[in-house]
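Colleague: I should like to learn how to read a model of this kind, feature by feature. May we begin with the aromatic rings?

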Amino acid sequence: MTTKLFNTLAAATTLVGIIATSGVANAASLSYTSSTNYQFTDIIELPLSIQKFDSSLGTLKGVTIGFTGDILGNAGFENRSPTPSIVTVKLGSELNLQLNNQSLFALNPQYTSSYQVTKYDNITDYKGTSGNTLSNLTATQSGLQTFTNTQFLQSFIGNGNIDFLFSAIADSLVTGSGNMRSYIDTYAKAGITVTYEYDDVKSVPEPTTTLGVGLIAGLCLLSQRKKSWIKVSNS
């Protein structure tokens, strides 16, 4: 019977330990997004605001930032040379995302296409056999980074918003013969997604609650064993 008692106490102790260790904080995540509309380049430090992390939710462990840049363009050209030409249209822009004077992303989405045109058809109308008009040319590029540096994370904790700064400097061009008229317009927009990875403190039971549940479970187990011993003794 002594052996059974020790086994029962060991089982109760193990049960309390299992319940006590179940109170580990759960990992959780929360995401916010912000974006701009297409704007004519060049764009200098356009803000993208994201809500800061509420520290009452738990302990911030990491921040993942996703950045997507899009460009849109229209172009036209007319070969005024007396000979045929190959015209190349390149739509591009250097896109940058900064936070606290630190560059986080530098993207360069590009669209390139070439066109064979004839000699000048004597009409400068950006169409016909010697010219062309192009609309809604697009390109996109994305980047993703995760940050866990404690000092960096402090910028994201608190009330209100944190402002990222978006810049877009166009480097679009049209190339062809030495006698050519052309134009190109470049627009850009950006979108960011910020995901907070944190330990959810609300998922952790109070130590006294955990201990109380464990003790009750242990006492119940002892009570059941005691009833079993009594039945065996009386039989």
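Colleague: Which residues do ring pairs link into a cluster?

Modeller: This is a predicted model. In it, ring pairs join Tyr-32, Phe-53, Phe-147, Phe-152, Phe-156, Phe-164, Tyr-196 and Tyr-198 into a cluster. The structure holds twelve aromatic pairs.

Colleague: How is one such pair to be read, for instance that of Phe-53 and Tyr-198?

Modeller: In general, a pair of aromatic rings is described by the distance of the centres and the angle of the planes. For Phe-53 and Tyr-198 the ring centres are 5.1 Å apart and the planes stand at 50 degrees, so the pair is tilted. Phe-53 belongs to the loop between β3 and β4, while Tyr-198 belongs to strand β11 (residues 180–200), so the pair ties together parts that are 145 residues apart in sequence. Both Phe-53 and Tyr-198 are buried.

A second case is Phe-77 with Tyr-115, whose ring centres are 5.8 Å apart with planes at 40 degrees, so this pair is also tilted. Phe-77 lies in strand β4 and Tyr-115 in strand β7, so parts that are 38 residues apart in sequence are tied together. Phe-77 is buried, with a relative accessible area of 0%, and Tyr-115 is buried at 18%.

Colleague: What is the overall pattern of helices and strands along the sequence?

Modeller: The protein has three helices and eleven strands. Along the sequence they follow the pattern α-β-β-β-β-β-β-β-β-α-β-β-β-α. Among contacts with a separation of 6 or more, 85% are between residues 24 or more positions apart.

Colleague: How is a nonpolar core to be read, and which residues of the largest one touch the most other members?

Modeller: The general idea is that in soluble globular proteins, nonpolar side chains tend to be buried together. Here the largest nonpolar core has 42 residues, and Ile-65, Phe-67, Phe-156, Phe-164 and Phe-166 touch the most other members. Strand β4 (residues 58–79) gives the largest share of this core, seven residues. Phe-156 illustrates the packing: leaving aside residues up to four places away in sequence, Phe-156 touches Lys-52, Phe-53, Leu-60, Val-63, Ile-65, Leu-99, Ile-162, Phe-164, Val-194 and Tyr-196. Over the whole protein of 235 residues, 35% count as buried. The accessible surface comes to about 13,300 Å², and 52% of it belongs to carbon and sulfur atoms.

Colleague: Is Ser-34 buried or exposed, and what does its side chain meet?

Modeller: Buried means under 20% relative accessible area; Ser-34, at 15%, therefore counts as buried. Ser-34 is in strand β1 (residues 26–35). A polar atom of the Ser-34 side chain lies 3.4 Å from the backbone oxygen of Ser-49. Apart from residues up to four places away in sequence, Ser-34 touches Leu-48, Ser-49, Ile-50, Ala-190, Gly-191 and Ile-192.

Colleague: Is Ile-86 buried or exposed?

Modeller: The cut-off for exposed is over 50%; Ile-86 has a relative accessible area of 52% and is therefore exposed. Ile-86 is part of strand β5 (residues 85–99). Not counting residues up to four places away in sequence, Ile-86 touches Ser-114, Tyr-115, Gln-116, Thr-175 and Gly-176. The C-alpha atoms of Ile-86 and Ser-177 are separated by 7.5 Å, although these residues are 91 apart along the chain.

Colleague: Which backbone features deserve a separate look?

Modeller: One is the cis peptide bond that joins Thr-41 and Asp-42, with omega of about 15 degrees. Asp-42 is in the loop between β2 (39–40) and β3 (43–51). Another is Asn-122, which has a positive phi of about 75 degrees although it is not a glycine. Asn-122 sits in the loop between β7 (110–117) and β8 (131–147), and counts as exposed at 63% relative accessibility. Tyr-126, in the loop between β7 and β8, also has a positive phi, near 55 degrees. Tyr-126 is partly exposed, with a relative accessible area of 23%.

Colleague: Where is the pLDDT below 50?

Modeller: The general rule is that where pLDDT is low, the predicted coordinates should not be read in detail. The protein averages a pLDDT of 85, and 75% of the residues score at least 70. Over residues 8–22 the pLDDT is below 50, and this stretch has 17 contacts in the model beyond near neighbours in sequence.

Definitions and conventions:
Residues numbered from 1 in each chain as written. Predicted model: local features only at pLDDT ≥ 70, side-chain atom pairs only at ≥ 80, totals over all residues. Heavy atoms only, no water. Helix = DSSP H or I, 4+ residues; strand = E, 2+ residues; numbered from the N terminus. Buried < 20%, exposed > 50% of the residue type's maximum accessible area, 1.4 Å probe, protein only. Contact = heavy atoms within 4.5 Å. Areas by Shrake-Rupley, 256 points an atom, 1.4 Å probe, with all protein chains shown as cover. Core = buried A, V, L, I, M, F, W, Y, C linked by side-chain atoms within 4.5 Å. Polar contact = N/O pair within 3.5 Å; in protein donor to acceptor, adjacent residues only side chain to side chain. pLDDT = per-residue confidence, 0-100. Phe/Tyr/Trp six-rings, centres within 6.5 Å; stacked < 30°, edge-to-face > 60°.
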